[in-house]
Amino acid sequence: MFAGCNHCGAKPTQAGELSDSLLLSRFSATEEQLAQAISERSPKVLIQAASAATREAAATALEDEQLRNLLQLNTEPMAQVRPKKERVAEVFDQLLRSTEAECTQYRDFGLEQCLLQSDSVSPWVSNERLLTALHGDAHSVSADALVEAIIDVAEKSQSIGRAELQRHLRECGASSASLQTDELNDLERAYDKSLLNRVVVSLERVSTEHLIALFTRLSAAQERRRDKQVLPLLKELSRVYKTHAMSVLRHEASNAGRLMSAIRTSSTAELEFSGVLLTTLESLLDNWQKVARPLTKDPVDQDVAGIRRALQSELQDIADYLLEHRSEDSLSARASQLALVLM
Amino acid sequence: MSVFKQLLNRRMSDQEDRLNHELDNLQRVMEDEAFQNSLLDDKTAAEVARGDSVDALVMSSGAFGFDPENPIPVNGPLGAVTYLSRLKTHSGERLLFQCVGRKDGVRVFECVTYSGRRWFVLFLHIYHPRKSTFLPDGFEFSGDVAMFSGFVDASLDFPKDYQQRVDKLDDRIKAAYATQARLGGNIGASSFVRPLAHWAKLDALAVRGFR
């Protein structure tokens with residue numbers, strides 16, 4: 001059924017063609033008859049046995065929304081699609097504004113003060129005040145406080161179920177009754193995405209050193225929670241870090257390659273210059289290790305391990321070269337030590 | 001207290017340990033996602049471990065569960081069986097189901113209510129470490145323990161050959177299946193006739209590349 005024409009490959013798309021296709025496949029139907037019917041669109045080909053009632057049943061069946069969607073026939077006009085998206089956006093906006101209004105009393109709270117609060121508030125209020133404080137204090141608080149705040153937000157967002165969402169919507173005056181299940185799903189996703197975006201924006205204010213410490217701790221926290229489900233927010237944050245970190249690691253590995261190449265091509269007379277290059281290489285690889293640390297317990301570590309092995313091999317080559325061709329024992333030992341550190 | 005604990009408290013036979021062990025295994029097959037994932041073959045287990053722990057796919061579109069672009073995330077084939085076995089319609093009817101198509105990680109299940117009155121086609125994505133907590137429109141989760149009531153392969157005689165198919169299953173899984181008697185006595189009667197629209201949907205799956 002719904003096969004294409006044997007001659008031109010055209011598939012049935014018009015109501016009459018689809019109906020014929022359906023009738024043929026269910027009530028007589030060889031593939032050839034079907035293809036011929038579609039090809040010729042001739043009333044003579046149509047099965048004689050199909051009564052008016054059967055034809056009507058086929059026409060009714062073809063009105064099924066899921067079927068039309070599977071056949072990719074749902075050309076829903078934009079005028080009908082837009083209000084659905086707009087309705088979700090409107091309710092989401094209402095939800096955020098209502099939560100912000102509930103949080104005015106916490107506006108001047110610092111992050112650490114928020115973390116010490118043990119009052120019983122809704123997950124929405126708890127997240128809002130933590131995110132506001134996180135944004136304000138991201139540049140100054142410890143990595144531990146950042147980790148605690150992010151895990152708290154991740155756990156709270158995970159705890160928000162459908163019932164809690166509907167309760168909150170009722171409280172803030174949004175009419176959840178008019179939202180379909182898929183719209184409520186969209187609403188939940190929009191909330192999770194907004195949390196992620198806000199955390200990422202706040203983390204842009206965190207120093208690189210703290211950021212690496214933060215993600216190392218988050219990675220360890222996820223490892224400890226292995227028996228439980230990974231919190232989606234943490235997973236998404238790790239993914240953001242990975243994307244950026246892998247780009248830095250690849251870039252710095254290529255810089256390390258350039259430095260090693262310069263060491264190899266520098267002449268014996270340039271011993272001091274080779275030493276400077278090696279010092280630069282040492283500090284570059286020290287930073288490389290720090291950036292890679294949060295990724296070491298992750299599947300992406302395969303990529304990190306690949307780059308690490310390549311660097312290690314190149315360093316060992318340099319160490320051998322310096323020893324054999326230039327008799328520079330101390331430089332060779334430093335290169336060899338670097339290769340060992342990368343293991 | 002779960003049904004399993006209640007059963008344990010009521011046991012009276014001298015085979016307590018064996019019963020205890022079997023009930024534990026049964027509970028794990030039906031409720032423990034980590035245990036379910038441990039039963040997967042290596043390839044599927046790797047895909048499941050790589051998958052996102054989410055309630056709905058990111059960037060999905062269309063009606064949740066009803067659109068191939070917005071399948072329900074579950075943990076492997078057993079996760080699909082567990083998820084679908086927990087579903088009931090708003091009128092309280094549970095589902096019989098079987099897998100009728102696949103494309104990448106998406107599996108298509110045809111489902112029918114125990115009474116045979118309503119038929120559905122649902123899409124599930126099996127490469128996730130856990131089951132979604134979201135529901136397709138028109139369904140809710142059953143509150144009580146959900147014995148399995150469907151299969152991850154297809155049969156032309158579905159659902160009339162339910163008991164024969166259960167009998168062929170691995171012993172570890174078989175015990176988790178609802179008995180035919182529990183399904184309301186309709187199986188075998190001629191009440192399971194696919195409506196025309198449902199046939200058309202099954203045919204239309206090929207148009208979307210499901211095999």
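This is a predicted model: local features need pLDDT of at least 70, side-chain atom pairs count only at pLDDT 80 or more; totals for chains, interfaces and linings use all residues.

Student: Which residues of α10(A) meet which residues of α12(A)?

Tutor: On the α10(A) side they are A:Asp192, A:Leu195, A:Leu196, A:Val199 and A:Val200, and they meet A:Pro232, A:Leu233, A:Glu236, A:Leu237 and A:Val240 of α12(A). Sorted by class, this contact has eight nonpolar and two charged residues, with no polar ones.

Student: How are the axes of α10(A) and α12(A) placed, and at what angle do they cross?

Tutor: The two axes come within 10 Å and cross at roughly 45°. Angles under 35 degrees count as roughly parallel and those from 65 to 115 as roughly perpendicular, and α10(A) and α12(A) are therefore oblique to each other. The crossing of this pair is right-handed.

Student: Is the crossing of α13(A) with α15(A) left-handed or right-handed, and what is its angle?

Tutor: That crossing is left-handed. Helix α13 of chain A (residues 271–292) and helix α15 of chain A (residues 329–341) have axes that come within 11 Å and cross at roughly 15°, so the two helices are roughly parallel to each other. From α13(A) the contact takes A:Ser274, A:Gly275, A:Leu278, A:Leu281, A:Glu282 and A:Leu285, and from α15(A) it takes A:Leu331, A:Arg334, A:Ala335 and A:Leu338. Its classes are six nonpolar, two polar and two charged residues.

Student: How should I think about a nonpolar core, and which residues have the most contacts inside the largest one?

Tutor: In soluble globular proteins, nonpolar side chains tend to be buried together. Here the largest nonpolar core has 59 residues, and those with the most contacts inside it are A:Ala149, A:Ile150, A:Val153, A:Leu233, A:Leu237 and A:Ala335. The element that gives the most to this core is α12(A), with nine residues. A second, separate core has 53 residues, including B:Tyr83, B:Tyr127, B:Phe134 and B:Ala200.

Student: What does A:Ala335 touch beyond its neighbours within four places in sequence?

Tutor: With those neighbours left aside, A:Ala335 is in contact with A:Leu278, A:Leu315, A:Ile318, A:Ala319 and A:Leu322.

Student: Why does A:Ser202 count as buried?

Tutor: A residue is buried if 20 or more other C-beta atoms lie within 10 Å of its own, and A:Ser202 counts as buried because it has 22 C-beta neighbours inside 10 Å. A:Ser202 lies in helix α10 of chain A, and its contacts, apart from neighbours within four places in sequence, are A:Leu134, A:His135 and A:Ala138.

Student: Is B:Gly79 buried or exposed?

Tutor: B:Gly79 counts as buried, with 25 C-beta neighbours inside 10 Å, and is found in helix α5 (residues 76–86) of chain B. The C-alpha atoms of B:Gly79 and B:Val29 are separated by 9.6 Å, although these residues are 50 apart along the chain. In chain B, buried residues make up 39% of the 211 residues.

Key. Residues are numbered from 1 along each chain as its sequence is written. Chains are lettered from A and ligands numbered from 1 in the order in which they are written. A nonpolar core is a set of buried Ala, Val, Leu, Ile, Met, Phe, Trp, Tyr and Cys residues joined through C-beta atoms within 7 Å. A residue is buried if 20 or more other C-beta atoms lie within 10 Å of its own, exposed if 12 or fewer, and partly exposed in between; C-beta atoms are placed from the backbone. Helices (H or I, at least four residues) and strands (E, at least two) are DSSP runs, numbered from the N terminus. Two residues are in contact if their C-beta atoms, placed from the backbone, lie within 7 Å. Axes are lines fitted to C-alpha atoms, for helices over the stretch in contact, and angles run from 0 to 180 degrees between N-to-C directions. Angles under 35 degrees count as roughly parallel, over 145 as roughly antiparallel, 65 to 115 as roughly perpendicular and the rest as oblique. A crossing is left-handed if the near helix is turned anticlockwise from the far one by less than a right angle, and right-handed if clockwise. Ala, Val, Leu, Ile, Met, Phe, Trp, Tyr, Cys and Pro count as nonpolar, Asp, Glu, Lys and Arg as charged, and the others, Gly among them, as polar.
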